[in-house]
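Here is a short tour of a protein model for you to follow on screen. Have your viewer ready, and let's start with one residue before stepping back.

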Amino acid sequence: MYIKSILIDGFKSYGGQIEVHGFDPEFTVITGFECIKSSDILDSICFVLNIINVGQTANTSLKHLIYLNGQADITKTTVTLVFDNTNPSQCPLGYEKCREISVCREFSLDGKDKYLINGRTVHSKRVAKFFTSIRLNIENPNFLIRNECITKVLNKTPTEILAIIETAAGINILEAKREAATKLIEKKDAKILEINALLHDEIEPKLEKLRREKSAYMEFQKICRDIECLTRIHISFSYLKHKEALKSTEVSREKLTAEIDAVRQRMAENEKERKKMKEKFKELKKIIDQTKGEEMKKIKVELECELANKGIVEGNLKTIQNIIDHEEKKLKSLIKMIEDDEKSFQLKGKEMNKAKKIFQELKKVDSTDTLAYEDARKRYEIVMRDISTNQDGQTSSLADQPKVDITIMTQMKIKDIDDNLPDVKGELKKAAEAVRKANMKAKKSHNNWKKHKQECNILSIEIKSLQRDITHAKEQRSSLETKLAKLKTEQQDIRNKNATATAKITELRRKINEQKDKIYSQNKELRSVYNKLKEVEERHKELHLQIKGKEPEPHKVSTDSKDLLQKMQNLSAKYPWIHEDEEYFGMKNSRYDYCKEDPVEAARKLIAMNEQKDKMEHSINPRATILLAREDRNYQKFVRRQKIIEQDISKMKTVICKMDESKREKVEKAWMVMDGNLNNIFSTFLQGAQARLNPVKSNNQLTGLEIKVGFNGIWKESLDELSDTQRSLVALSFLLALLKFSPSPLCILDEISAALDTQNISNILRAHFTSSQLIIFPLKQNSSSKCATHN
């Protein structure tokens, strides 16, 4: 697969549509004949491949690529690369039936950027994947070799050279996988910590709580069973007592006759006491009703108002606290920025002092070299004045000589001296050489002085900018501190209001409690009077019954019998088991054995147990057993999940170790292949020369690769010992070796070196890169190789 032709329309210097064709599948040289501008053709290729050119950044606008910046009624630029796809071994996936593949990119003045593949609009990511599938890595374009690439290679450290080879060997893919695995391990570690925290902080305390609730529920059920047993003992015993009392009613008939008079007298006294109690009861009830109806209502209304006000004050307090927290965060961030700027200011100050010192030294050197140049020039003029004569044998000054360049004058005078004054030839040459060297040295010193002067100016501007930023930040900090102080004062006022409202609410609640206590006390007194009244009425009823029972004895016996019978019926209706188990009441070795459980003691126990039951009813959890089983299953589920995650982490760590070993093997293999490729290509450039990649190790680990060069078995200590041409050839050999290690269907060489011959380079590239299309943009235009044409 190779570039067959290029269609350019409205791109840079090409206002109309042209087609650059005639590309050779193996080797093509593009020069600047006629109207073809080779740099524009290279830029058009880079434009389609989306490769940023030298001097551009990722944010640089592409509008300058449009013809005359869009000012000639041309509002867009279009470049199309036509690839020959007849080689099935290089055919990209999905394009097997296409003999040609066209990749087009359009960019318009309104900023619209569009890609097309075979006339269909596609996303830029799709284009990048397409180029990657044909081994054109546009993110790391090793197939594009420029002169500045050679300079960069020469300045690379061993660590950076190793990184280049690792990228070519695909180590970045392993690194991405390793990084992803490491991040996944970190996430799983965090998940384990989360599970541990969940188990420790939530599930285990919940399990412990449910275990306690289950134990309490089991105890509650036991108390309920005991209450049931004691209730049967107590009620069965009461039922028997009523039954026995019913039998003894007839016996009491005779005793009541003698007591009738005394009972009637007691009955009259009891009636007086009953009326007195009723009047007292009415008075107390009236007082209590008044207290409840007025004072309590007034206090409650006032309390509700204060609670509403307190809610508003607390809301304001929360709001202002949020504002204060936000402003304090801003203040901390601003203080941190001020500290960073002040540190930068100090560092820039030190750099400025250092730069000024160097500037003064260079200025001093420049003055010295300038004076030296003037001295050499004066000496030269003296020598010229001594030897300059006219045809009549008279001397002439420099003012009488033609004003020409010193070097040209020197050559003319030297010719005269060769003919006339051979003895002063050496002296004049030395003077001219001294002037030339002094002039070069003075120019070099002046250039260095001007360069450092510009750096000093840049540092001065940066220092002034930092001073302005620090001053502005300090003003902002002062403003924030004033604002915070005002907010905190306002917050304190609100807190004081809140405290006042709280105190008032507490006072109102205290008054309510006092009223409740007062009402409770009055109710207690009322209950006492009521109980006494009830006792008097009961006593009155009892006396009345006694009188009625004693006057008509049969009626009294009948009434008592009915009362006892009614009680027995009530017990039977309330406890259906009485009729079922009546025959077992009091029977030994049964559940109604009164010898084992005293009925009187059972009644006392029953009261205590009912109180305990009433207290427990509000706190027990009947679903504790079910919830405990569910939470225990949940706990086991999290434990199993934790074990699975730990196993996954162990497996991933094993995989990472294998990936590290694979990375080491790939790097060593790539190093050996690159070492061989570098030596073969460099020895082809220079007969008898060798090149290799020496390993740089630290703690027995490969940390870098260093380029070493030798001639006829003698190795150089450093590349600085080589000439500029040899250094360029070493760097070019490294880039070509890298391209040979990771071959692509296209190789572009852009003005790689003015000292290299295009024909020799073409022979070398054809020898080592038979499967790639080579496109060269040379500095020289005199090339015998095949050139692209246009129409």
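Leaving aside its neighbours within four places in sequence, which residues is Leu693 in contact with?

## Leu693 and the cores

Leu693 touches Ile165, Trp671, Met674, Asp675, Leu678, Leu705, Glu706, Ile707 and Phe734, with neighbours within four places in sequence left aside; contact means heavy atoms within 4.5 Å. The model is predicted, so local features need pLDDT of at least 70 and side-chain atom pairs count only at pLDDT 80 or more, while totals for chains, interfaces and linings use all residues. Residues are numbered from 1 along each chain as its sequence is written, and side-chain values use heavy atoms, with hydrogens and water left out.

Leu693 is also among the residues with the most contacts inside the largest nonpolar core, together with Ile6, Phe130, Phe131, Ile707 and Phe734; this core has 87 residues. Helix 15 (residues 724-741) contributes the most to it, with 10 residues. A second, separate core has 21 residues, including Tyr217, Ile223, Trp577 and Tyr592. A nonpolar core here is a set of buried Ala, Val, Leu, Ile, Met, Phe, Trp, Tyr and Cys residues joined through side-chain atoms within 4.5 Å.

## Helix 4 against helix 15

Helix 4 (residues 158-168) packs on helix 15 at an angle of about 25°, and their axes are 10 Å apart. Helix 4 is therefore roughly parallel to helix 15, a label for angles under 35 degrees. Axes are lines fitted to C-alpha atoms, for helices over the stretch in contact, and angles run from 0 to 180 degrees between N-to-C directions.

On the helix 4 side, the contact is made by Ile161, Ile164, Ile165 and Ala168, and on the helix 15 side by Phe734, Leu738 and Phe741.

Glu631 sits in helix 14 (residues 624-685). Is Glu631 buried or exposed? Glu631 is buried, because its relative accessible area is 12% and the cut-off for buried is under 20%, with exposed over 50% and partly exposed in between (1.4 Å probe, protein chains only). Not counting residues up to four places away in sequence, Glu631 touches Ile203, Lys206, Leu207 and Leu210.

Arg477, in helix 10 (residues 425-550), counts as partly exposed at 27% relative accessibility. Beyond its neighbours within four places in sequence, Arg477 is in contact with Leu331, Leu334, Ile335 and Ile338.

## The whole chain

The protein has 16 helices and 14 strands, defined as DSSP runs numbered from the N terminus (helices H or I, at least four residues; strands E, at least two). Of its 791 residues, 36% count as buried.

Key:
Parallel < 35°, antiparallel > 145°, perpendicular 65-115°, else oblique.
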